[in-house]
Amino acid sequence: MAKIGRQVLGAALVAGSLCLAGAAWAGVKEGVEAWQAGNYSAAVNEWRPLADKGDADAQFNLGQAYKLGRGVPSPDLRIAQSWYEKAAQQGHAQAQANLGLILFQNGERQRAMPWIRKAAEAGDPRAQYVLGTALFNGDLIGKDWPRAYALMSLAADAGLPQAGTNLQAMDQYVPVDQRRQGLALKAQLARAAGPAPSRTAVGPRTAPQPNSAIASTLPAQAPARRVPITVMPVPARVLNPTPAARSAPVAVASASGGWKVQLGAFGNGGNARNAWSALRARAPGLAGLNPILVPAGAVTRLQAGPLASRAAADKACAAAKAAGAACFPVAP
């Protein structure tokens, strides 16, 4: 798979063009240094003429400035989107990600998906999360659970908390053989994307790292159905597999009294109930345990208990994992 976002200097470039490229690189670097020092207006003044001349890194950074409202009169997502699109058309991976996510947020999902796919292939964890969710649910594109599992694993490894939540849900539904396929594909995708680009460091113009000064701020916790990505909410759907046969309602309870095991975290109680129904049918070793739904901010944790000891909790987790579920003990 080809790496996304490389700007290759051809052997036919004349010396004058090389000098211009070097001057643009220096100008972007000066803007980066001004931004990092908190002098946002000076950074924007460095980037604007370079962006007008077509420098993709300067265009991306101007988009960030307008998105955040720093060094410009006020935040303006319309102007930010226009700069992202200019940079994205030149193969700037971070611009492709931000453009795709803005379009997705604005309801232009068909137009967003090609950019999100490009950014996911280049290693952007936000794009991997959105694309992985879409592939799992069959939104806009066909279902592909191994690829969805691979992308969600990469996003979770990068520290995106929403991805970790969705990955736990996937563990309840994706068959073991498809998870293995996903993990093999994950390694291939990671090699194809190469090292994750630094969002602050200034690298050589031929390297895949853009001269991007502004780090994206990832949220500490994901809402149930509107997922904040960078500074804008993106309404990526929570995982929504075909519901399993429902059992008796699972009571929402506190996590008090005795050892328990945690079997996943879900965007809503209905998905947690479905997961329990499916897992109980596959794991006889969980017989006799009571399911417990524990509200935890924007997610609902599925736990089961009570259990008399840590050893009993470990035994229950072994049964759950043998059935292909994630599991860990929860102390009283």
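The model is predicted: local features need pLDDT of at least 70, side-chain atom pairs count only at pLDDT 80 or more, and totals for chains, interfaces and linings use all residues. Residues are numbered from 1 along each chain as its sequence is written, and side-chain values use heavy atoms, with hydrogens and water left out.

**Confidence**
- The protein chain averages a pLDDT (the predictor's confidence in each residue, from 0 to 100) of 73. A score of at least 70 is reached by 71% of the residues.
- Residues 1-23 stay under 50. For them the model has 23 contacts (heavy atoms within 4.5 Å) beyond four places in sequence.
- Residues 198-238 are also below 50. This stretch has 130 contacts beyond near neighbours in sequence.
- Where pLDDT is low, the predicted coordinates should not be read in detail.

**Disulfide**
- The whole structure holds one disulfide (a pair of cysteine sulfur atoms within 2.5 Å).
- Cysteine 317 and cysteine 327 form this disulfide, with sulfur atoms 2.1 Å apart.
- Cysteine 317 lies in helix 12 (residues 310-322), and cysteine 327 in the loop between helix 12 and strand 6 (328-330). Helices (H or I, at least four residues) and strands (E, at least two) are DSSP runs, numbered from the N terminus.
- The S-S torsion is about -75°, so the disulfide is left-handed.
- Cysteine 317 counts as buried at 4% relative accessibility. Cysteine 327 counts as buried at 8%. Buried means under 20% relative accessible area, exposed over 50%, partly exposed in between (1.4 Å probe, protein chains only).

**Helix 12**
- The buried residues of helix 12 are Ala313, Ala316, Cys317 and Ala320.
- Seen down the helix axis, they fall within an arc of 100° (from the directions from the axis to the C-beta atoms), so they line one face of helix 12.
- The face turned away from the buried side carries the exposed residues Ala311, Lys315 and Ala322.
- Just after helix 12, glycine 324 takes a positive phi of about 90°.

**Strand 3**
- Eight of the eight residues of strand 3 (residues 259-266) are buried, so strand 3 is largely enclosed by the rest of the structure.
- Strand 3 and strand 6 run antiparallel, joined by three bridges. Two strands pair if DSSP finds at least two bridges between them.
- Phenylalanine 328 in strand 6 is the bridge partner of glutamine 262.

**Arginine 179**
- Arginine 179 sits in helix 10 (residues 176-193).
- Arginine 179 counts as buried, at 14% relative accessibility.
- Leaving aside neighbours within four places in sequence, arginine 179 is in contact with Tyr149, Asp171, Val174, Gly324 and Ala325.
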